[in-house]
Amino acid sequence: MKKLLFLIIVILILSISAVYADTIGYTNISDIALYKDADYSSKITDVLNLNTKLEIIKEKNDWYSVRTQDGTSGWIEKYFVTVPAERYAANNTEYKINVRTSPTTLSKTVGQLNPGDKAKYIDTYHSWHIIEYNGNECYVASWLTDLEYGNSQKIYLLYDKTNIRNQASLNGSVLAQGNRYDSYDVISEKNGWLQIMLPDGQAGYVAGWITTYNQNYYSEEKLGYKKTAADLNIRSGPSANHNKVQVLTKGSTVKVVGSENGWDKIVSVSGTVGWCSSDYLSETYPLSGKSILLDPGHGGKDPGAISYSGKYEKYVNMEVTLKLKSILESMGARVYMTRTGDYYIANKERGRMADKLNADILLSIHHNSLNNSDYFGLSTYYNTINYKDPRYGYDLAEAIYLNAITVNGVYRDGILDRNYEVLRETNTPAALIEIGFMSNPQEEINIHNESFQDIMAEKIAAGIVDYFNN
Ligand SMILES: [Zn+2]
């Protein structure tokens with residue numbers, strides 16, 4: 001009997017920890033250390049990338065104990081982890097919808113969602129929703145399902161005078177306006193738009209990219225880079241009485257994530273966290289001394305993709321490139337462009353230009369298109385032809401991708417190795433981004449929106465800074 005009781009207790013404990021293991025979070029800052037204990041003076045067990053998926057095992061005060069998919073575990077402050085909303089993929093059609101093993105109709109069907117069924121939503125990839133199905137990660141077509149939110153998920157607005165509309169589109173009429181820091185309950189998500197509940201009880205829609213789930217958005221939005229003005233003691237808290245956890249040499253770059261009583265909370269480029277007196281940090285230009293070649297794809301006789309409504313890709317590529325150029329210049333970079341007007345230039349010439357200029361990186365800006373208007377999402381590309389070091393452009397493509405997909409309403413379409421001429425015909429680390437699908441009527445409208453372009457340019461710039469910090 002005792003043995004049986006013991007067994008029951010063991011089973012109970014196992015099933016409770018299984019429930020905890022279901023909570024997933026993602027790191028919201030690039031290169032952040034994982035610590036052995038909930039304490040910045042403890043050992044570092046790993047350094048995590050931005051957007052690293054974490055299983056949350058337990059919590060203690062302001063810290064989570066987590067496990068990565070690679071199996072390393074440790075403690076991380078809650079501040080650096082975003083726990084996404086509880087979401088469901090719902091079948092609101094009258095038909096059965098296939099559940100598949102991969103994001104393609106060619107993959108194996110493992111079950112079906114009946115009309116009215118809902119499944120726990122994990123993420124979106126290649127225009128398919130990843131759901132939890134019989135304990136496994138499976139895929140359902142996003143164009144057949146709706147994303148619905150669990151109870152009391154809040155969203156915060158990033159800007160003043162944000163329009164809230166009667167449809168999930170910029171074509172919708174404005175029902176109300178909200179301001180920075182306002183929060184609303186979210187009901188559902190569609191085409192990069194969030195359906196929210198207004199104070200008067202009516203539902204409205206707000207563009208996802210001008211919202212955040214993360215309550216740390218005050219600092220997340222404008223991450224401040226600074227440099228140490230002397231060899232500097234880094235402490236575990238905001239005063240000289242706290243333990244010294246590290247010494248950073250003069251001229252080290254740090255990210256400032258918070259401030260308190262003349263002390264700044266910083267993250268070093270190697271991912272360690274601590275506090276130092278604000279007096280010993282000086283302003284810095286994170287891209288000072290870097291030269292960057294930006295390539296607005298297509299031009300002249302080559303319009304690129306033609307959008308659902310008939311617009312040319314070459315123009316929108318140029319719009320985003322000009323925004324990105326001015327952000328990179330404000331960060332201290334020297335920026336060149338492969339073309340400055342609407343004229344044709346061969347892709348191999350664009351690649352070779354990077355070598356001639358002795359640029360540190362080449363980034364080509366594009367927008368995607370497919371003969372299926374259901375497809376959407378953001379992808380980045382690198383190239384490993386010509387026996388290049390496989391990490392050559394990958395690190396750049398990855399850093400940009402990870403930053404770009406932190407934007408609400410921007411969905412993952414992958415980091416892919418492709419034999420693109422512009423990437424192949426250069427010895428400079430090179431990447432290409434396809435910001436969204438112009439062939440998708442909803443995504444096309446987002447792509448042409450100025451606030452969407454501004455935010456994408458900021459995120460691409462943040463990715464470039466991350467690339468150079470590594
Ligand atoms: Zn293109």
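Ser291 sits in strand S29 (residues 291–296). Strands (E, at least two residues) and helices (H or I, at least four) are DSSP runs, numbered from the N terminus. The model is predicted: local features need pLDDT of at least 70, side-chain atom pairs count only at pLDDT 80 or more, and totals for chains, interfaces and linings use all residues. Residues are numbered from 1 along each chain as its sequence is written, and side-chain values use heavy atoms, with hydrogens and water left out.

**Ser291**
- Ser291 is buried, with a relative accessible area of 11%. Buried means under 20% relative accessible area, exposed over 50%, and partly exposed in between (1.4 Å probe, protein chains only).
- Leaving aside neighbours within four places in sequence, Ser291 touches Arg334, Tyr336, Asn358, Ala359, Asp360 and Ile361. Contact means heavy atoms within 4.5 Å.

**The zinc site**
- His298 (NE2), Glu313 (OE), Glu313 (OE) and His366 (ND1) coordinate the zinc ion at 2.1 to 2.6 Å. Donors are N, O and S atoms within 2.8 Å of the metal (3.2 Å for Na, K and Ca); water is not among the atoms, so sites may look incomplete.
- The angles among the four donor atoms run from 52 to 142 degrees, and the site is irregular. Four donors count as tetrahedral if all angles lie between 85 and 135 degrees; four count as square planar and six as octahedral if opposite donors are over 155 degrees apart and all others between 65 and 115; anything else is irregular.
- The donor residues follow the spacing H-x14-E-x52-H in sequence. Glu313 belongs to helix H3 (residues 313–330) and His366 to strand S31 (residues 361–368), so this pair ties together parts 53 residues apart in sequence.
- Glu313 is buried, at 3% relative accessible area. His366 is buried too, at 9%.

**Helix packing around H8**
- H3 packs against helix H8 (residues 450–469) at an angle of about 50 degrees, with the axes 9 Å apart. Axes are lines fitted to C-alpha atoms, for helices over the stretch in contact, and angles run from 0 to 180 degrees between N-to-C directions.
- H3 and H8 are therefore oblique to each other. Angles under 35 degrees count as roughly parallel, over 145 as roughly antiparallel, 65 to 115 as roughly perpendicular and the rest as oblique.
- Residues in the H3–H8 contact include Val316 and Leu324 of H3, and Ala457 and Ile464 of H8.
- Helix H5 (residues 391–404) packs with H8 at about 140 degrees, with the axes 7 Å apart. H5 and H8 are therefore oblique to each other.
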